[in-house]
Amino acid sequence: MLRNLAAPSFLGRALSVTLLLLLTSSVPLAGEAPDTEFSYSLRLRHELFDTPAGNPAADRSFDFGNGRLRLVGDIAWERVEIHGVLQGAASFGLPENGAFGIGPVYTAANGGETDPDQFGLAELSVAFVGDEYEVRAGRQRSTAGFETKTGVQHLDGIKKRRLAERLVGNWDWVNVGRRYDGLSAFWESDTVHLAGYAYRPLAGGVNYEDAFDQLDDLTVVGATVTGKYGGWLPSSELRFYGIQYEDDRPGARAASGGELSITTLGASALWGGDDRDLLIWSAFQSGDWGVSDHQAFAFLVEGGRKLALEKVTWTLRAGLAQASGGAGDDHETFFNLLPTNHKFYGSLDYSAFQNLRDVYLEGLVTTGGPWKLRLAGHLFELVDRDDAWYGGSGAFDEARLGFAARRPGGGSFRGENIGSELDLDFSYKLPKGFTLAAGGGFFFGGDAAEEILVEEADGSWAYLQVSWSGKLGGD
């Protein structure tokens with residue numbers, strides 16, 4: 001049964017603010033013919049799993065299907081834009097007793113239902129647009145990490161894939177996705193881009209039952225100052241950001257013993273050009289983890305080089321990402337907030353960016369034609385063996401924190417090697433807006449994983465996906 005067409009009061013208040021701006025502005029909407037565009041995107045994916053297991057009674061091998069249709073509408077005047085997305089989504093054949101990974105997370109998030117579905121208002125926002133600024137109110141996506149473009153195709157690709165959504169993301173790989181009710185705005189000059197947002201995250205991600213309901217006790221507020229590419233330093237972009245995360249949901253209180261109030265301050269630097277790049281990112285956190293003081297940090301350093309060899313282009317990159325862990329009187333485990341972790345820490349989604357060291361290599365192969373190939377390898381380690389191995393991508397309902405802490409029976413790990421992972425993705429663009437994609441991954445559990453996954457520490461995953469997108473009413 002389709003469900004969850006929600007229009008919460010917070011969304012209504014956000015829209016009212018923008019409508020008030022419109023009424024008090026000099027924009028002559030009356031009599032001005034708008035530009036309109038309507039489009040669709042359909043995604044069908046089948047996934048097969050052979051997961052690790054800690055319980056011999058659980059099912060290691062299972063498969064399920066996902067389908068998602070989005071209908072998108074955009075209406076634009078000279079200074080006003082209205083954007084909306086209707087979404088229908090469903091999963092088919094989720095595991096009843098899955099051993100590990102995203103399958104049992106889907107099932108648990110939907111009360112044990114194995115064929116959940118959803119229909120709802122994924123996005124509805126109104127934007128007031130000027131030559132150098134924009135104010136947007138309503139239900140919207142997060143642009144955190146990709147607030148502005150560099151103008152260099154290679155670097156903008158790096159920003160989209162490797163920087164955007166690390167701490168506040170849209171989590172669109174899973175079938176429902178994550179959206180936000182609230183306000184966002186930016187102002188820019190030739191050298192500076194200023195952006196900010198005040199959001200109330202919505203239920204979703206893996207949760208169909210409550211999709212697009214507001215998480216009433218969770219707010220996230222952020223601001224970013226970016227020195228645009230080449231504006232402050234040659235061939236470079238510098239970005240400084242701050243995020244305030246306030247979480248008083250029952251799930252957060254159960255995990256921490258009280259309210260979460262966490263301030264994250266950080267910076268990133270991206271240097272490069274058409275064929276090379278260097279990315280440095282950092283985050284420092286302080287605040288309250290329930291009844292404990294919270295102090296944590298994270299960083300990454302990665303670089304890439306594009307090599308054109310005859311008709312094939314290779315893009316090779318390597319990096320190190322590390323997030324602090326710590327067990328003691330103070331809470332020193334970095335908190336991953338609301339990320340899209342599928343993009344960063346292995347395609348099997350076994351790890352969150354908490355108490356984690358990730359050494360990785362990636363290769364992209366393209367020909368300028370319809371196909372693309374990606375191969376990536378990861379080596380995962382615990383930073384602190386007295387802490388946990390964490391998984392998850394943040395809040396998706398009121399009842400759960402959104403991250404799982406996995407610890408061995410003795411409380412502390414004897415080893416620090418979580419394991420290694422090899423990922424492969426292939427995509428091919430077909431005519432008429434169709435794209436075929438396939439891929440998967442292998443996880444080889446290390447000694448730390450074997451302490452938890454005593455039945456089997458290795459796992460594998462494969463998928464086949466067809467997507468179709470285009471304009472409605474067009475040619």
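Colleague: Which strand holds glutamate 237?
Modeller: This is a predicted model, residues are numbered from 1 along each chain as its sequence is written, and side-chain values use heavy atoms, leaving out hydrogens and water. Local features need pLDDT of at least 70, side-chain atom pairs count only at pLDDT 80 or more, and totals for chains, interfaces and linings use all residues. Helices (H or I, at least four residues) and strands (E, at least two) are DSSP runs, numbered from the N terminus. Glutamate 237 is found in strand S9.

Colleague: Is glutamate 237 buried or exposed?
Modeller: Buried means under 20% relative accessible area, exposed over 50%, and partly exposed in between (1.4 Å probe, protein chains only). Glutamate 237 has a relative accessibility of 2%. Glutamate 237 therefore counts as buried.

Colleague: How far apart are the C-alpha atoms of glutamate 237 and leucine 270?
Modeller: Glutamate 237 touches several residues beyond four places away in sequence, including Lys159, Tyr229 and Leu270; contact means heavy atoms within 4.5 Å. Leucine 270 is 33 residues away along the chain. The C-alpha atoms of glutamate 237 and leucine 270 are separated by 5.2 Å.

Colleague: Which strand gives the most residues to the lining of the largest cavity?
Modeller: On a 1 Å grid over the protein atoms alone, a cavity is a set of points where a 1.4 Å probe fits but cannot get out, and lining residues have an atom within 4 Å of a point. Of the 17 lining residues, those closest to the centre of the largest cavity are Ala144, Gly145, Leu167, Arg239 and Ile243. Strands S8 (218-227) and S9 (236-247) each supply at least two residues. The most, four residues, come from S9.

Colleague: How much space lies in the largest cavity?
Modeller: The whole structure has three cavities of 30 Å³ or more. A volume is the space filled by probe spheres set on the points, which are joined across faces, edges and corners. The space in the largest cavity is about 110 Å³.

Colleague: Which element gives the most residues to the lining of the second largest pocket?
Modeller: A pocket is an open set of points with protein on both sides within 12 Å along at least five of seven lines. The second largest pocket holds about 450 Å³ of space and is lined by 22 residues. Two or more lining residues come from each of H2, strand S16 (389-392) and strand S17 (403-406). The most, four residues, come from H2.

Colleague: How many aromatic pairs does the structure hold?
Modeller: Rings of Phe, Tyr and Trp (its six-membered ring) pair if their centres lie within 6.5 Å. Ring pairs link Tyr241, Trp281, Phe334, Phe344, Tyr345 and Phe353 into a cluster. The number of aromatic pairs in the structure is 25.

Colleague: How far apart in sequence are the parts tied together by phenylalanine 434 and tryptophan 468?
Modeller: Their ring centres are 5.1 Å apart and their planes at 0°, so the pair is stacked. Phenylalanine 434 lies in strand S19 and tryptophan 468 in strand S20. The pair therefore ties together parts whose separation in sequence is 34 residues.

Colleague: Which tryptophan has arginine 45 over its face?
Modeller: A charge sits over a ring if NZ of Lys or CZ of Arg is within 6 Å of the ring centre and within 35 degrees of the ring normal. Arginine 406 lies over the face of tryptophan 389, at 4.6 Å from the ring centre. Arginine 45, at 3.8 Å from the ring centre, lies over the face of tryptophan 173.

Key: Rings of Phe, Tyr and Trp (its six-membered ring) pair if their centres lie within 6.5 Å; planes under 30 degrees apart count as stacked, over 60 as edge-to-face and the rest as tilted.
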